[in-house]
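Look at the sequence and the model below. The paragraphs after them go from the whole chain to its sheet and then to one of its helices.

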Amino acid sequence: MRIMGLDFGDKTVGVALTDELLMTAQPLETICRERWNKFRKTLKRLDEIISEYNVEKIVIGKPLNMDDTEGERIERTRIFEEELRKRTGLEIIEVDERLTTVEADEILDEMGVPRSERKQYIDKIAATIILESYLRCGKAKRITKKEKI
């Protein structure tokens with residue numbers, strides 16, 4: 001069994017996976033699409049990953065605003081999440097993703113990756129950070145306004 005982490009964006013979805021012991025998270029790939037609401041190819045690729053790696057649960061970043069409010073991005077993420085849930089039937093856990101892209105950029109900077117090359121890595125690194133956040137929590141729970149992972 002593995003858990004898959006996702007960083008959903010308007011044109012990309014960063015994908016990360018745990019190891020089989022659910023101890024670590026590693027970046028896997030970034031899936032690209034032309035528009036935020038064109039999910040067919042993205043869902044097909046996620047199906048392939050789920051099957052290939054025996055994924056039994058999905059963790060997806062919840063894009064809250066810095067003041068804990070919900071904006072347009074969260075609505076788009078929820079539409080995608082519902083499509084993914086319908087297609088896979090898997091449990092989907094939301095994890096606060098604030099500042100994960102900033103953290104991913106800092107990691108890439110520390111690794112010496114030139115700014116011009118970071119776009120190809122940043123989303124799957126952010127997905128890894130989201131998944132690591134879930135693993136650190138130690139138990140499955142949904143985020144509420146009072147409780148953050």
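The protein chain has four helices and five strands; helices (H or I, at least four residues) and strands (E, at least two) are DSSP runs, numbered from the N terminus. Read from the N terminus, the order of the elements is β-β-β-α-β-α-β-α-α. The radius of gyration of the protein chain is 14 Å, close to the 15 Å that the globule rule gives for 149 residues, so the chain is as compact as a globular protein of that length. Here the radius of gyration is taken over C-alpha atoms, and the globule rule is 2.2 Å times the number of residues to the power 0.38.

This is a predicted model, in which local features need pLDDT of at least 70 and side-chain atom pairs count only at pLDDT 80 or more, while totals for chains, interfaces and linings use all residues. Residues are numbered from 1 along each chain as its sequence is written, and side-chain values use heavy atoms, with hydrogens and water left out.

Of the 149 residues of the protein chain, 45% count as buried. Buried means under 20% relative accessible area, exposed over 50%, and partly exposed in between (1.4 Å probe, protein chains only). Among contacts in the protein chain with a separation of 6 or more, 63% are between residues 24 or more positions apart; contact means heavy atoms within 4.5 Å.

Five strands form an open sheet in the order 3-2-1-4-5, with mixed pairing. Two strands pair if DSSP finds at least two bridges between them. Strand 3 (25–32) and strand 5 (91–96) are the edge strands, and each pairs on one side only. From one strand to the next, the twist averages 25°.

What does strand 1 pair with? Strand 1 (residues 2–8) and strand 2 (residues 12–18) pair in the antiparallel sense over five bridges, and the two form a hairpin with three residues between them. Strand 1 is also joined by five bridges to strand 4, and these two run parallel. M4 shows both pairings: its bridge partner in strand 2 is L17, and M4 stands opposite I58 in strand 4.

Which residues of helix 1 are buried? They are T42, L43, L46, I49 and I50. Seen down the axis of helix 1, the buried residues fall within an arc of 120°, so they line one face of the helix; the arc is that of the directions from the helix axis to the C-beta atoms. What covers these buried residues includes strand 1, strand 2, strand 3, strand 4 and helix 2 (72–88). The face of helix 1 turned away from its buried side carries the exposed residues R40, K41, S51 and E52. After helix 1 comes N54, whose phi is positive, near 55°.

How values were computed: Axes fitted to C-alpha atoms, helices over the stretch in contact; angles between N-to-C directions.
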